[in-house]
Amino acid sequence: MLTLHQDDVLLACHAEDWRGALEQAAEALHRAGLTSPGYREGLFAREAQSSTYLGNAIAIPHGTPQSREHVQDTGVRVLQFPAGVDWHDGQRVHVLVAIAARSDEHLDILRQLTHVLDDDSVAERLAAAGSGNEIAALLSKAVVDARLDGDTLCLGFPARDARELALAGAARLRQLGCVGDGFIAAIAEHAPLHLGQGLWLASSGSSVEVPALALATPEHPLKQADETVNGLFCLAAHGEAHRGLLECILRLLERGSAGELQGADAATILARLAGESATAHTRLARVLNAHGLHARPAKQLVQVARSQAVPIRVRLAEGGVDAVSASSLTKVINLGARRGQQLAFSAEGDGAVAALDAVCQAVADGLGEQVLPFDESRERIIPQADAAPAEPLPDDTPHAGVAASPGLAISPVFVLQTPRFDYPERAADPGAETQRLEQAIRQGAVQLETLVQQARGGEVAQILSMHEEMLCDPELYQAAHEGISEGRSAEAAWWDAIETAAHAQEMLADRLLAERAADLRDVGRRVLGILCDVTLPAPPTTPYILVTDDIGPSDVARLDTSLVRGLLTARGGATAHSAILARALGIPAVVGAGARVLTLADGTELILDGERGRITPTPSAERRQAAEQRLAERQQREAAAWDTRFEEARTRCGHRVEVAANLGNTIHAADAVERGAEGVGLLRTEFLFMAHAQEPDLATQIDEYREALDALDGRPLVARTLDVGGDKPLPYWPMPKEDNPFLGLRGIRLMLTRPEVLETQLRALLLAAAPVPGKPRPLRIMLPMIKDIAEFRAARAIFDRLLEEIPEAERASDVQLGIMIEVPSAALLAPALAAEVDFFSVGTNDLTQYTLAIDRDHPELSAQADGLHPAVLRLIEMTVTAAHAHGKWVGVCGELASDPMAVPVLVGLGVDELSVSARQVPLVKARLREFDLEKARTQAGLALAQATSTAVRDALEVR
Ligand code: PEP
Ligand code: MG
């Protein structure tokens with residue numbers, strides 16, 4: 001969205017003629033750093049093609065497509081000529097809006113200006129304006145696109161009454177991102193209103209992001225309070241912006257044509273709502289112009305429409321609230337039609353068919369521009385810029401996001417805008433394009449290799465190596481190569497291949513694989529950047545907090561950790577690779593904080609709290625001081641914790657609580673020991689399985705587990721058996737898609753359907769832990785997602801058989817078999833389970849998800865999935881009581897174990913071991929030394945007595 005600022009306006013300019021005015025415009029764009037001097041010629045060439053006079057004394061000079069290479073940044077400069085200038089087409093101009101645009105962004109600028117053209121008095125006011133602010137205000141008007149299109153229609157919904165239809169409509173709007181949860185709640189609260197003719201309305205302005213209108217029709221005709229229910233409109237109201245949507249409904253009622261909606265298809269319904277009568281003729285025509293329906297082609301279209309015998313109306317076929325007169329230049333520009341979008345023309349009366357044929361032919365011929373056919377299977381329609389501009393964040397007010405990586409940062413922000421890649425769709429010489437692509441791929445591989453070297457092992461290096469593999473994937477190359485042979489440019493063919501592959505991953509409806517799609521696009525952008533010679537804007541050379549829409553894993557890996565103090569993203573969840581990497585690099589991060597964070601101006605001071613998932617822009621002096629103090633204390637605590645990391649973990653009174661590390665990869669075991677871990681409390685073995693193209697065989701598994709045991713040098717290893725399925729399938733185990741993967745075939749449930757895999761894994765673990773002379777190798781094996789004793793016994797039977805089968809000298813001697821407590825039923829049945837298992841380890845991530853019924857990765861709700869909820873704590877208490885009654889030990893290996901507020905509560909509940917990410921080990925050990933057991937028990941009692949997790953946190957904070 002273009003935002004005009006007073007500095008963009010040059011007041012009181014004077015020119016002898018239009019050439020002089022255009023020279024001044026070129027100079028102004030250049031001085032503003034938007035263009036290089038070569039753009040001047042483009043401006044003159046464009047005027048030579050046809051005038052850029054728009055109407056109401058405004059001209060909009062801009063360069064030709066060929067001159068785009070001289071655009072350095074997209075922007076405008078407004079020049080006011082109070083005395084006026086005669087333009088070369090005979091018009092008198094008072095204001096020049098000189099545009100520098102790399103692509104079709106100027107369509108949005110034009111759309112913003114169309115409101116000025118509707119108002120005749122604006123010309124005079126622009127000429128007389130005495131300040132830049134005044135001109136900026138006259139020209140700026142946010143374009144808010146209300147949504148009413150094929151996606152907002154829910155036709156034939158199996159509802160039993162109007163209320164259910166209302167909720168179906170509201171849910172659809174929420175799915176489309178137009179509204180939030182507050183809207184659904186508001187719609188549920190009020191009974192829908194009967195409008196007449198079987199139509200009903202439910203509306204609210206609560207938590208509306210984008211004004212929108214959904215229409216839900218019932219599967220079968222319904223009656224409610226003796227009235228028919230043919231359809232229900234669900235309206236997301238937003239300021240004045242939804243007015244057009246209301247008019248659609250009114251038009252329908254006034255015409256008495258509500259009945260025509262029954263059984264009609266989406267296209268017909270949209271036509272009726274747009275005001276087209278049932279007797280009108282309609283034709284569709286696709287916009288082929290590379291940069292959409294901008295001023296010049298729009299002018300041509302209007303001229304053709306005006307020359308017809310009957311009035312013609314036009315709208316965007318897939319939505320668009322209103323059909324507008326095709327004879328109105330401002331209205332046609334205001335459609336903002338992009339290349340590939342379809343226009344629906346309609347006309348009535350004698351000559352309607354001929355008129356429609358004429359305009360459609362003109363559109364097909366390119367409206368005065370050279371056009372290429374649109375290939376639906378290959379080209380994407382570039383969506384319009386975000387409709388509703390996000391409101392800026394208020395100063396000194398905390399704003400919530402998802403806590404993704406702990407730590408506190410206070411720094412100015414640097415807002416990284418996603419780069420825009422501009423490239424031709426087609427190219428004449430496939431040989432040259434293939435060479436360019438191959439060279440770019442090679443260069444990309446070199447870049448990645450350098451990054452891998454810099455990352456020196458660890459998770460960052462692993463992900464970057466995976467990117468290298470993706471980059472060299474022969475199938476990807478082949479797909480791109482085919483595109484090039486069909487006449488596409490290297491960029492277009494490459495991006496198409498990337499998109500197709502990424503889309504295929506996403507279709508698997510699986511989170512981990514969806515993240516792979518993000519990785520693929522990340523790899524794709526790297527090559528595209530090389531091909532288009534686009535480099536990211538240079539970040540500051542002083543410390544900063546990086547703000548982005550979403551960030552690719554390799555972008556995180558590229559971050560200069562000596563300068564990046566924190567990471568803030570508008571989108572994304574805590575489990576995305578980027579968040580995992582931020583944790584691995586120790587960068588505090590808040591993710592999924594919403595589009596408003598992108599409104600922060602570069603350099604805005606920000607407090608980012610990665611522990612609480614909160615940010616505060618432009619803090620007051622007091623708030624900043626308090627945060628600085630917390631930061632200094634934290635740094636001191638970290639340094640002190642590091643110095644004492646090898647001391648045994650004990651509370652102040654000497655009560656022993658083991659602190660172990662969670663690992664995803666056995667090669668990190670040595671690093672965990674170096675950080676003071678007293679063992680590995682959770683080895684997520686699924687990562688070993690995911691790292692291989694096929695199920696790793698016995699020997700491979702033995703080698704891997706042995707690596708960890710060697711590094712642990714006598715410390716215990718708690719290895720979890722394979723926890724995949726449902727939400728994280730293995731590529732080599734195709735499984736049917738499930739509606740609720742978290743409630744599906746995963747963890748032990750899946751393993752019991754493949755007992756041979758479980759057996760091989762148990763065998764490998766037992767063999768890897770065979771005693772080495774003089775070195776104990778304590779092995780603890782735990783089973784994930786156990787819901788009751790039957791599942792445990794089924795797995796135990798295999799385990800017991802192996803113990804019998806393998807000679808004692810060849811297998812682990814110090815071995816225990818336990819279960820994870822992740823499903824509430826297992827906690828409730830802990831007394832029975834405790835009699836048979838050797839230990840429990842509480843997986844608070846899943847236990848919280850299943851207890852509170854909140855998807856742990858839900859972008860909006862996951863912040864509420866707090867393990868300090870009293871319901872979760874009660875389940876932990878039950879687990880510990882049952883275990884201790886049978887002399888068994890209990891660990892906690894979910895994220896809660898490293899939450900400083902939760903540590904005393906868990907210890908107070910009697911937990912014997914805390915397993916946390918390796919980086920957290922020194923801090924958790926230090927935290928234990930801050931309190932004694934008595935205090936811990938008080939804290940636990942206090943927490944258990946609360947009603948909500950917020951109340952628990954408040955109560956603990958006060959103490
Ligand atoms: C848990 O659920 O808390 C846990 C540790 O397992 P994961 O996060 O791997 O599901
Ligand atoms: Mg789990």
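The model is predicted, so local features need pLDDT of at least 70 and side-chain atom pairs count only at pLDDT 80 or more, while totals for chains, interfaces and linings use all residues. Residues are numbered from 1 along each chain as its sequence is written, chains are lettered from A and ligands numbered from 1 in the order in which they are written, and side-chain values use heavy atoms, with hydrogens and water left out.

I will take the metal first. Which residues coordinate the magnesium ion, ligand 2? They are E822, through OE, and D846, through OD, at 2.0 Å. Donors here are N, O and S atoms within 2.8 Å of the metal (3.2 Å for Na, K and Ca); water is not among the atoms, so sites may look incomplete. The two residues are 24 apart and link distant parts of the chain: E822 sits in the loop between β29 (815-821) and α27 (824-828), and D846 in helix α29 (residues 844-852). Helices (H or I, at least four residues) and strands (E, at least two) are DSSP runs, numbered from the N terminus.

Are these two buried or exposed? E822 is buried, at 2% relative accessibility, and D846 is buried, at 2% as well. Buried means under 20% relative accessible area, exposed over 50%, and partly exposed in between (1.4 Å probe, protein chains only).

Next, the surface. E695, D697, D703, E707 and E756 form a patch of negative charge there. Patches take residues with over 30% relative accessible area and no salt bridge, joining like charges within 9 Å and nonpolar side chains (Val, Leu, Ile, Met, Phe, Trp, Tyr) within 5 Å. A salt bridge is a side-chain nitrogen of Lys or Arg within 4 Å of a carboxyl oxygen of Asp or Glu. E756, in helix α25 (residues 755-768), is partly exposed at 48%.

The other patch is nonpolar: L828, L829 and M878 make about 260 Å² of surface. Areas come from the Shrake-Rupley method with a 1.4 Å probe. M878 belongs to helix α30 (residues 870-885) and is partly exposed at 34%.

Last, the backbone. Most residues other than glycine have a negative phi. S207 is not a glycine, yet its phi is positive, about 45°. S207 lies in the loop between β8 (199-204) and β9 (212-218) and is partly exposed at 33%. D396 also has a positive phi, near 50°. Its loop runs between α12 (352-364) and β17 (399-400), and D396 is partly exposed at 26%.

Notes:
Lys and Arg count as positive and Asp and Glu as negative; His and the chain ends are not counted. The place of a charge is taken as NZ of Lys, CZ of Arg, CG of Asp or CD of Glu.
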